[in-house]
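Please read each one with the structure open beside you.

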Amino acid sequence: MRRSPWLIGLLATALLVGGGIALVRHLLPPAATPAAADPAQARRAEAFLDLLDAGRYDEALAMGSPRLREALAGGKLQKVWETLPQQLGARQARGPVRGEAIDGHPILTASLQFGLTALDARIGFDADGLIDGFRLVPAQTPTTPAAPVSTERYAETAIAVGSPDGDLPGLLTLPTGAARVPGVVLVHGSGPHDRDETIGPNKPFRDLAHGLAERGIAVLRYDKRTKAAPQRFAGGDFTVEEEVLADALAAVALLRTRPEVDPARIFIVGHSLGAMLAPRIAERDPQIAGLVLLAAPATRLEDAVVRQSRYLAQLNGTPDAETEAALAELERQRDRIRQLAGTPDDGTPLMLGLPRRYWLDLDGYDAIAAARRIGRPLLIVQGEADYQVTPEDDFARWREAFGDDPRVRLIGYPGLSHLLMPAGDRPGPADYAKAGHVADAVIADIAGWIAQTPGAR
């Protein structure tokens, strides 16, 4: 039986939750527009969600069409619903049902706010008034941009990173009395991030900007294009050029024009995906003075997704048969990605919902090899309790490649997570739902390394 896109959407969410937060933040759901809600359907959608919240899954399934009941039988619906708070933090609120439309088709949507992120629960009905579609996607509700902050030690100014595809709003944080100080551009990790790289209650880029500015370094941070203009990417064909590289280079060029900043002492500080791509950014701009790589992947992205998924699957005990089947499917997707260059495009969706060109672009990229080619100073920073970019797989490769290079400094921090904040005894997504700050030692080490690193020649 052919599954409808709605059913596929829910099954993908089950895998998504098993695969962890990194996957949640990658996917860009189809854009929805406001629409009038049918009152009777809105009441039924509310009742369906009430039953899920009450743990009455059989009664909830009874509200569905035959194909929905078939697809979600055997405890699938319960597993998805009860796994959400384990991976995303405790549920904090459920918004009222509202009417929306996707490609002209009416749906009912309610926003679910968890400790780490928000999801939209989308519910569709068939002609008989039965629930025929249920999908959980990253919420599209806008967030309030961080406002400029001023203290005795630094001041922030709203700034826009210009691009032919549209300006990206951001903030420039300048030390008080700045005159020809070093400058930093912050480059985000995977997914649609705001200027603070907000993850749950945590804002690691704001911590870095304020902490570095207090130590005499100017910092430019901006909303990532997938956050500022998600419609540009939904269902589109793009690579890291459009997602990351072009805007990072534009930000560097903008920072170089500021009279308060020494144009020969501009550095990239990249986190996660941004760290992996930082050497590629520096290849395009030979005047970048050096790179700070925070939680820098050294393995292929598809391998990292499988590794993260297997780790998360065993956090709460031995994975069951259904979870193992989902992991096996993820491994098949990984193997398919490795063979993309030699196979025709059959239109089949790829891992993380990313397009074929994206995976082919990354297939030819080796961050360590690119870092060797540019030959510029590197500071490589690793949280030793990071389950996403790990000390054993990733940091060990950086250390093997550059451990004896005098231009490179590598620092590991015991007990720190992927966000360079304190992790729990068993690191996992719940760590990101706890409010914290980037460790002072990390910020001090970055500032000290920048202060000792000469400018570009």
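1. A charge is said to sit over a ring if NZ of Lys or CZ of Arg is within 6 Å of the ring centre and within 35 degrees of the ring normal. By that rule arginine 280 lies over the face of tyrosine 365, at 5.4 Å from the ring centre, and the charged end of arginine 372 sits over the ring of phenylalanine 402, 5.8 Å from its centre.

2. Some notes on reading the values come next. This is a predicted model, in which local features need pLDDT of at least 70 and side-chain atom pairs count only at pLDDT 80 or more, while totals for chains, interfaces and linings use all residues. Residues are numbered from 1 along each chain as its sequence is written, and side-chain values use heavy atoms, with hydrogens and water left out.

3. The aromatic rings deserve a careful look. Rings of Phe, Tyr and Trp (for Trp, its six-membered ring) pair if their centres lie within 6.5 Å, and the planes count as stacked when under 30 degrees apart, as edge-to-face when over 60, and as tilted for the rest. Seven aromatic pairs turn up in a search of the whole structure. One of them is tilted and joins tryptophan 81 to phenylalanine 134, with 6.2 Å from centre to centre and 40° between the planes. Tryptophan 81 lies in helix α6 (residues 76-88) and phenylalanine 134 in strand β6 (residues 131-138), so the pair ties together parts that are 53 residues apart in sequence; helices (H or I, at least four residues) and strands (E, at least two) are DSSP runs, numbered from the N terminus. Both tryptophan 81 and phenylalanine 134 are buried, where buried means under 20% relative accessible area, exposed means over 50%, and partly exposed is in between (1.4 Å probe, protein chains only). Ring pairs also link Phe48, Trp81 and Phe134 into a cluster.

4. Tyrosine 387 and tyrosine 432 form a stacked aromatic pair, 6.2 Å from centre to centre and with 15° between the planes. The pair links distant parts of the chain, since tyrosine 387 is in the loop between β13 (378-383) and α15 (391-402), whereas tyrosine 432 is in the loop between β14 (408-413) and α16 (440-452), 45 residues apart. Tyrosine 387 counts as buried at 7% relative accessibility, and tyrosine 432 is buried too, with a relative accessible area of 2%.

5. What is proline 201 in contact with, leaving aside its neighbours within four places in sequence? With contact meaning heavy atoms within 4.5 Å, the residues are Gly115, Tyr432, Ala433, Lys434 and Ala435. Proline 201 itself lies in the loop between β9 (181-187) and α7 (204-214), and at 39% relative accessibility this proline counts as partly exposed.

6. Turning to the helices, nine of the eleven residues of α7 are buried, so this helix is largely enclosed by the rest of the structure. Among the buried residues of α7 are Phe205, Leu208, His210 and Leu212. After α7 comes glycine 216, whose phi is positive, near 90°.

7. The buried residues of α12 are Thr323, Leu327, Leu330, Gln333, Arg334 and Ile337. They cover an arc of only 110° around the axis, which puts them on the same side of α12; the arc is that of the directions from the helix axis to the C-beta atoms.

8. In helix α13 (residues 356-363), the buried residues are Arg356, Tyr358, Trp359, Asp361 and Leu362. These buried residues pack against α9 (240-256), α10 (273-284), α11 (301-313) and α12 (321-338).

9. Glutamate 197, in the loop between β9 and α7, has a positive phi of about 50° although it is not a glycine, and at 1% relative accessibility glutamate 197 counts as buried. Alanine 295, in the loop between β12 (290-294) and α11, likewise has a positive phi, near 50°, and is buried with a relative accessible area of 0%.
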